[in-house]
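Biologist: I would like to learn how to read a model feature by feature. Please take me through this one.

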Amino acid sequence: MTEQPAIRLDQVSKRFPGSEVEAVRSLSLDIPRGSIVALIGPSGCGKTTTLRMINRLIEPTGGRIEIEGVDVTSRAATELRRGIGYVIQQVGLFPHRTIAQNIATVPKTLGWDRARVDARVEELAELVGLEAEMLDRYPDELSGGQQQRVGVARALAADPPVLLMDEPFGAVDPIVRGRLQDELLALQTRVHKTIVLVTHDIDEAVKVADRIALLNVGGILEQYASADELLRTPANAFVEEFVGEDRGMKRLTLRLVSDLIVTDGAVVDAEADRSAVPPVLRAANSDWFGLTQDGRFLGWVSRQDYEAQPSTALADLPRALPAAQVTPDSTLRRAMEVIMTSDTSTAVVDDGGRFGGVVTLEQIRAGLAAPEGS
Ligand SMILES: Nc1ncnc2c1ncn2[C@@H]1O[C@H](COP(=O)(O)OP(=O)(O)O)[C@@H](O)[C@H]1O
Ligand SMILES: [Mg+2]
């Protein structure tokens, strides 16, 4: 038996009054508890409409939406929304209320006493990375990124299990956006919400979402899959075009060096005799060899130096260091970058300096040939 999803959309449709066509057509989607699902697609494809049907700011004209197995239309809308945090497209903070008052909006309507509200506001500010001195300011005294954090804090105030986010990072510059995405992922490891996030940015979806639902105009679901699957096997030409022709490169950002089966490559122990080197270089078809000692990686030595100094012990040859190293938790994109910009192979070295093998382009290619997690 599969676990019941936190949110289930079952053949949900929406036709706005006076409109000939449906904005969302027979959309079915299961959103697993504790996951981040990205709704993505071109402008006007029904992303916002879908999100707002979940918290009943828009009523569906067909189908059924369940949260934890309960039909949302069977519950009073205000009570329903207490269990659903909502971060809207343009942040939408109340301009004449302080940051603390903005964050406290829902707890106040729930009748929490002052001390409890204050404690919660402080806790949330810490959670989303807002300095305490921001709390007495007004929204227009904050940067776009800070306002965005306030929007998230406000949505989380009453600790709802579900969070709906409509293009939450749309209004900030790319650097701040990247940071807010990182913060959302860090936050999610602490709060484990069920998050539905609307975006039109495929890179954002790939970075933050556990699963991606790609919609076409008319709210038609073209594919619902993990980022890796969407990029590896687009369901049709629309998906293929939407994810972009660099989809192989995008997949490199999803994979880690630790996912690869690495080999020792051209590596020689520093205590070994010089005669150990030529067969190693020949076998790896390489002009560089790595030196290790007691399982630690010392650096790369070139064939040229080895041949130019015929009576120098291996341990005393000049080394290129610490170039061309990655760690087990580097992305394959990073490993690719290192391979492309260095002459040597790329050594995997963990935080303790221990040698974990050598990454080659061929291994990266083989790693990408298989689906994630296989
Ligand atoms: N209140 C409304 N009345 C009539 N049509 C609407 C309304 N809201 C949205 N639509 C239409 O529904 C479609 C989907 O809109 P929306 O969900 O906002 O798209 P997205 O968020 O994907 O850009 C669009 O064609 C839009 O014009
Ligand atoms: Mg929208």
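**Reading the model**

Modeller: Start with a helix face. Helices (H or I, at least four residues) and strands (E, at least two) are DSSP runs, numbered from the N terminus.

Biologist: What should I know about the source and the numbering?

Modeller: This is a predicted model: local features need pLDDT of at least 70, side-chain atom pairs count only at pLDDT 80 or more, and totals for chains, interfaces and linings use all residues. Residues are numbered from 1 along each chain as its sequence is written, while chains are lettered from A and ligands numbered from 1 in the order in which they are written.

Biologist: Which residues of H5 are buried?

Modeller: The general idea comes first. An α-helix has 3.6 residues a turn, so residues three or four places apart point the same way. In H5, the buried residues are Val-117, Arg-120, Val-121, Leu-124, Ala-125 and Val-128. They fall within an arc of 135 degrees seen down the helix axis, so they line one face of H5. The arc is that of the directions from the axis to the C-beta atoms.

Biologist: What covers the buried residues of H5?

Modeller: The cover includes helices H3 (99-103), H4 (105-109), H6 (144-156) and H7 (174-191). Contact here is C-beta to C-beta within 7 Å, with those atoms placed from the backbone.

Biologist: How far apart are the end C-alpha atoms of H5?

Modeller: They are 21 Å apart. The expected span is 1.5 Å times one less than the number of residues. H5 has 15 residues (114-128), so it should span 21 Å, and the two values agree. Just after H5, Gly-129 takes a positive phi of about 75 degrees.

Biologist: Which residues other than glycine have a positive phi?

Modeller: Glu-68 is one of them, with phi near 50 degrees. Glu-68 sits in the loop between strands S4 (62-67) and S5 (70-71). It is partly exposed, because 14 other C-beta atoms lie within 10 Å. Asp-159 also has a positive phi, of about 55 degrees. Asp-159 belongs to the loop between H6 and strand S7 (162-166). With 13 C-beta neighbours inside 10 Å, Asp-159 is partly exposed.

Biologist: Which residues touch the most other members of the largest nonpolar core?

Modeller: A nonpolar core is a set of buried Ala, Val, Leu, Ile, Met, Phe, Trp, Tyr and Cys residues joined through C-beta atoms within 7 Å. The largest has 71 residues, and Ala-38 and Ala-153 touch the most other members. Leaving out residues up to four places away in sequence, Ala-38 touches Leu-197, Thr-199, Ala-205, Val-208, Ala-209, Ile-212 and Ala-213.

Biologist: What surrounds ligand 1?

Modeller: A residue is near a molecule if its C-beta atom, placed from the backbone, lies within 6 Å of it. Around ligand 1 are Phe-16, Ser-19, Ala-23, Ser-43, Gly-44, Cys-45, Gly-46, Lys-47, Thr-48 and Thr-49. This shell divides into 3 nonpolar, 6 polar and 1 charged. Ala, Val, Leu, Ile, Met, Phe, Trp, Tyr, Cys and Pro count as nonpolar, Asp, Glu, Lys and Arg as charged, and the others, Gly among them, as polar.

Conventions:
Buried ≥ 20, exposed ≤ 12 C-beta atoms within 10 Å, placed from the backbone. Contact = placed C-beta atoms within 7 Å.
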